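The sequence and structure are shown first.

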Amino acid sequence: VAWDKKRSLLYVADSYNHKIKFVDPKMKNCATLAGTGEASNIIGSSITTSTFNEPGGLCVEDGGQFLYIADTNNHQIKVIDLESRTVSLLPLLHVDTVDNITRGSIKMTDKAELPRLPKSAPHLQLPSLTVSPGQALQFVLMLNLPPNAKLTEEAPSSWFFTAEGNEWLLCDPHRSGTIADIFEQPIIPFQLPTNCLSADALLSINVCLYYCSKDSNACMMKGISFNQPFHIANVNQKSIAPIELTYTF
């Protein structure tokens with residue numbers, strides 16, 4: 001159970017009915033907040049179409065906007081936005097092995113389940129780069145948090161590559177990593193494959209940040225996606241300066 005002091009409601013994980021319910025002590029009634037009663041794993045467009053599988057622990061964040069749910073048999077943490085009445089997945093990295101190589105403040109991971117960017121995450125288009133097969137690049141994160149905000153230690157912030165429709169770009173096993181301190185301008189290495197299947201391709205550098213306000217302890221998750229177009233030419237290219245990825249949340 002979890003108490004929502006903002007709305008004076010008690011949330012209950014009705015585990016074996018696969019629902020999240022709320023109790024209104026003033027009105028003396030109980031109703032379903034989320035879940036259809038089906039034991040499955042669907043994140044729908046609203047809380048009424050999303051499903052759970054024996055949800056367990058609950059927690060309401062201090063600001064009263066988010067309800068965190070331990071979706072036990074789906075091995076996930078789901079988040080209900082109580083204001084927009086939507087459900088999302090809390091993107092936690094599940095690391096099987098960790099490379100001993102650390103570049104800047106980023107710890108590289110060999111295998112990880114990629115997080116999911118929030119729907120509100122902006123997508124920024126970068127200028128196209130002319131590159132050659134096998135060329136090495138570096139991306140420098142230069143992200144700014146709001147005033148009086150700090151990264152959340154309990155929830156690891158992370159970056160990860162995607163290349164929808166151009167998955168052949170992702171030949172390097174180091175496709176994701178955690179961010180310990182964005183103010184040290186961490187460097188993300190990327191190397192194009194030697195065997196390129198297209199003359200034009202698009203790489204996305206995605207970031208999920210968890211940060212809290214130092215004043216109110218209100219925490220939130222934000223995301224950003226930088227879309228880097230490539231034009232791949234079979235000529236010797238000069239080295240390219242590190243590409244700065246700048247954004248202010």
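Strand 6 (residues 66-71) and strand 7 (residues 76-81) run antiparallel to one another and are joined by six bridges. One of the residues involved is F66, whose bridge partner in strand 7 is D81. The model is a predicted one.

These two strands belong to an open sheet of four strands, ordered 5-6-7-8, with antiparallel pairing. Strand 5 (55-60) and strand 8 (86-89) each have a single partner strand, so they stand at the edges and one side of each has no neighbour in the sheet. On average, neighbouring strands of this sheet are turned by 25° against each other, direction ignored. In general, the strands of a sheet pair through backbone hydrogen bonds, in either a parallel or an antiparallel way.

The second topic is the aromatic rings. The model has five aromatic pairs. Two of them are set out below.

| Pair | Distance between ring centres | Angle between planes | Type |
|---|---|---|---|
| Y211 and F249 | 6.4 Å | 55° | tilted |
| Y247 and F249 | 5.0 Å | 80° | edge-to-face |

Y211 and F249 count as tilted because their planes stand at 55°, and tilted pairs lie between the stacked cut-off of under 30 degrees and the edge-to-face cut-off of over 60. Y211 is in strand 18 (residues 200-213) and F249 is in the segment after strand 20 (243-248), so the pair links distant parts of the chain, 38 residues apart. Both Y211 and F249 are buried, while Y247 is partly exposed, with a relative accessible area of 23%.

Elsewhere, ring pairs link W159, F161, F190 and F230 into a cluster.

Notes
Residues numbered from 1 in each chain as written. Predicted model: local features only at pLDDT ≥ 70, side-chain atom pairs only at ≥ 80, totals over all residues. Heavy atoms only, no water. Phe/Tyr/Trp six-rings, centres within 6.5 Å; stacked < 30°, edge-to-face > 60°. Buried < 20%, exposed > 50% of the residue type's maximum accessible area, 1.4 Å probe, protein only. Pairing = 2+ DSSP bridges. Axes fitted to C-alpha atoms, helices over the stretch in contact; angles between N-to-C directions.
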